[in-house]
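Please have a look at the sequence and the coordinates first.

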Amino acid sequence: MDAPIIQLVIMFVLAVFVIWLYILPITMAGRRNRSGLIWFLIGLVGSPLLAILLLLALGDAPEQPTT
């Protein structure tokens, strides 16, 4: 009786974790002056972990002078 409920809870936790993995590069990109949409697409095409590692390796984007 309890097995389906436990399976649903585990699936829900995994779904929340996967969604969080796709949101994390967007927030990281915003903090590093980079486009969140581009990094979401990189995570979508590659993997979110790849996008996270690339953002960590690249660091902050240089500031653009405003004219």
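This is a predicted model: local features need pLDDT of at least 70, side-chain atom pairs count only at pLDDT 80 or more; totals for chains, interfaces and linings use all residues.

Residues are numbered from 1 along each chain as its sequence is written, and side-chain values use heavy atoms, with hydrogens and water left out. Helices are DSSP runs (H or I, at least four residues), numbered from the N terminus.

**Helix 1 with helix 3**

- Helix 1 (residues 3-31) packs on helix 3 (residues 48-58) at an angle of about 20°, and their axes are 8 Å apart. Axes here are lines fitted to C-alpha atoms over the stretch in contact, with angles from 0 to 180 degrees between N-to-C directions.
- That angle makes the two helices roughly parallel (angles under 35 degrees).
- On the helix 1 side, the contact (heavy atoms within 4.5 Å) is made by Leu 21, Tyr 22, Leu 24, Pro 25, Met 28 and Ala 29.
- Helix 3 contributes Pro 48, Leu 49, Ala 51, Ile 52, Leu 55 and Leu 56.
- By class, this contact has twelve nonpolar, no polar and no charged residues. Nonpolar covers Ala, Val, Leu, Ile, Met, Phe, Trp, Tyr, Cys and Pro; charged covers Asp, Glu, Lys and Arg; the others, Gly among them, are polar.

**Helix 1 with helix 2**

- Helix 1 and helix 2 pack at an angle of about 145°, with their axes 8 Å apart.
- Tyr 22, Pro 25, Ile 26 and Ala 29 of helix 1 meet Gly 36, Trp 39, Phe 40, Gly 43 and Leu 44 of helix 2.
- The residues of this contact divide into seven nonpolar, two polar and no charged.

**The two faces of helix 3**

- Pro 48, Ala 51, Ile 52 and Leu 55 are the buried residues of helix 3 (under 20% relative accessible area, 1.4 Å probe, protein chains only).
- Because they cover an arc of only 100° around the axis, they lie on the same side of helix 3; the arc is that of the directions from the helix axis to the C-beta atoms.
- These buried residues pack against helix 1 and helix 2.
- The face turned away from the buried side carries Leu 49, Leu 53 and Ala 57, which are exposed (over 50%).
- Gly 59 follows helix 3 and has a positive phi, near 75°.

**Gly 43**

- Gly 43 is found in helix 2 (residues 36-45).
- Gly 43 counts as buried because its relative accessibility is 2%.
- Leaving aside neighbours within four places in sequence, Gly 43 is in contact with Tyr 22, Pro 48 and Ala 51.

Definitions and conventions. Angles under 35 degrees count as roughly parallel, over 145 as roughly antiparallel, 65 to 115 as roughly perpendicular and the rest as oblique.
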